[in-house]
Amino acid sequence: MISTARREDIVGALRRGTVPSAGLDALAVGIDPFASTLDEELARVAAGAGGFKAVRGEYGTGKTFFGRWLQERARARGFAASEVQINETETPLHRLETVYRRLVERLGTADTPTGAFRGVIDGWFYALEQDVLADSAVDADNAEQLLASTDALMEARLVAISQAAPAFSAVLRTYRHALAEGNHLLADGLISWLAGQPNVAASVKRAAGIKGDLDHFGATNFLAGLLLILRDSGFAGLVLVLDEVETLQRMRTDTREKGLNALRQWIDEIDAGRYPGLYLVVTGTPAFFDGPQGVQRLLPLAQRLHVDFSTDARFDNPRAVQIRLAPFGALLETGPAALNLV
């Protein structure tokens, strides 16, 4: 039995033809064969590994639903999660700075379904302060000592982040000091730059000793820095869903080639341990994975994603790098009871 409010949210989304933002477990049909394997893979990611999964299905088979169901399931298991819709103008796959920006904008946790980035950062600083207060030598009533001790611990924790993302750690350091001084305008600007937003005031950048906007290579380091912050804050990791990657087929040749190569780089860097704690999921149509304008244009990528789907779907291996979603058949049971909405 689910609540009236949750039921109304689900039914309202179905009326609009969209995927509900929550309660997807009440609608999930045909996903059970994947659930236990996905849980095992998420557990390995939580232990410090990286993970990748490609999901294929024709239009209408529930790829977006699957991605959001997985995000909801992962958040319930202590992960942060985000979804990025790939398109040519706003989020081309080869421009990681735009992917990172959308990732941060839609970052969600169990407590905050979306827009959780600043809460994650503030939660990290709060955890640092709590670690300092656990030391009996620190006087909780001495604000100056507490700030100095927290700064010292922050610097120790930033060593690892500085190695992966020097600018990331520089902005975190300045953000911490801005909050301590009550300079909320500067703090807001720093968070915006940390989130990959363009057009941040030059005065904000000067305060942190940084220049320009976030670029592709900076975004790769920022993603590594974000994963370290999440792990240090007690999160199991990050589930990132790149939805509708089949749009690469409709892009200009140069953009498509760059996007396919970027996907290959994602897979290789995850396998190489560049992004511990990241579980990356991409969704696309069979034409994208098998057709001449998609994955098959880049042989190394095709080899990494190859799975033989000529056999009966009943024998598919859920542990394969690529899994397929079957089209919906006729429901044996009709009405609300079939969807667990009563």
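1. Val239 has a relative accessible area of 0%, so Val239 is buried (under 20% relative accessible area; exposed is over 50%, partly exposed in between; 1.4 Å probe, protein chains only). Val239 sits in strand β3, residues 238-243. Strands are DSSP runs of E with at least two residues; helices are runs of H or I with at least four; both are numbered from the N terminus.

2. This is a predicted model: local features need pLDDT of at least 70, side-chain atom pairs count only at pLDDT 80 or more, and totals for chains, interfaces and linings use all residues. Residues are numbered from 1 along each chain as its sequence is written, and side-chain values use heavy atoms, with hydrogens and water left out.

3. What does Val239 touch? Leaving aside neighbours within four places in sequence, Val239 is in contact with Leu42, Leu70, Ala74, Phe79, Ala80, Ala81, Ser82 and Tyr279. Contact means heavy atoms within 4.5 Å. Glu83 lies 156 residues from Val239 in sequence, with 8.4 Å between their C-alpha atoms.

4. Now the loop between α4 (96-105) and α5, where Thr109 lies. Thr109 counts as buried, at 7% relative accessibility. Not counting residues up to four places away in sequence, Thr109 touches Arg75, Phe79, Ala80, Ala116, Val120 and Phe235.

5. Overall figures for the protein chain follow. The secondary structure comes to 13 helices and five strands. Of the 342 residues, 46% count as buried. Take the contacts between residues at least 6 apart in sequence: 70% join residues at least 24 apart. The accessible surface is about 16200 Å², and carbon and sulfur atoms hold 52% of that surface. Accessible areas come from the Shrake-Rupley method with a 1.4 Å probe; for residues, only the protein chains shown count as cover.

6. How many aromatic pairs does the structure hold? There are nine. Rings of Phe, Tyr and Trp (its six-membered ring) pair if their centres lie within 6.5 Å; planes under 30 degrees apart count as stacked, over 60 as edge-to-face and the rest as tilted. Phe125 and Tyr175 form a tilted pair, because their ring centres are 6.0 Å apart and their planes stand at 40 degrees. This pair links distant parts of the chain, 50 residues apart: Phe125 in helix α5 (residues 117-133) and Tyr175 in helix α7 (residues 166-180). Phe125 counts as buried at 4% relative accessibility, and Tyr175 counts as buried at 1%.

7. Trp193 and Phe222 are edge-to-face, because their planes stand at 75 degrees, with ring centres 5.5 Å apart. Here too the pair links distant parts of the chain: Trp193 is in helix α8 (residues 184-194), Phe222 in helix α10 (residues 216-232), 29 residues apart. Trp193 is buried at 4% relative accessible area. Phe222 is buried at 2%. Ring pairs also link Tyr100, Phe168, Trp193 and Phe222 into a cluster.

8. Back to α5 and α7. They pack at an angle of about 75 degrees, with axes 12 Å apart. Axes are lines fitted to C-alpha atoms, for helices over the stretch in contact; angles run from 0 to 180 degrees between N-to-C directions. The two helices are therefore roughly perpendicular to each other (65 to 115 degrees; under 35 is roughly parallel, over 145 roughly antiparallel, the rest oblique). From α5, the residues Arg118, Ile121, Asp122, Trp124, Phe125 and Glu129 meet Leu172, Tyr175, Arg176 and Leu179 of α7.
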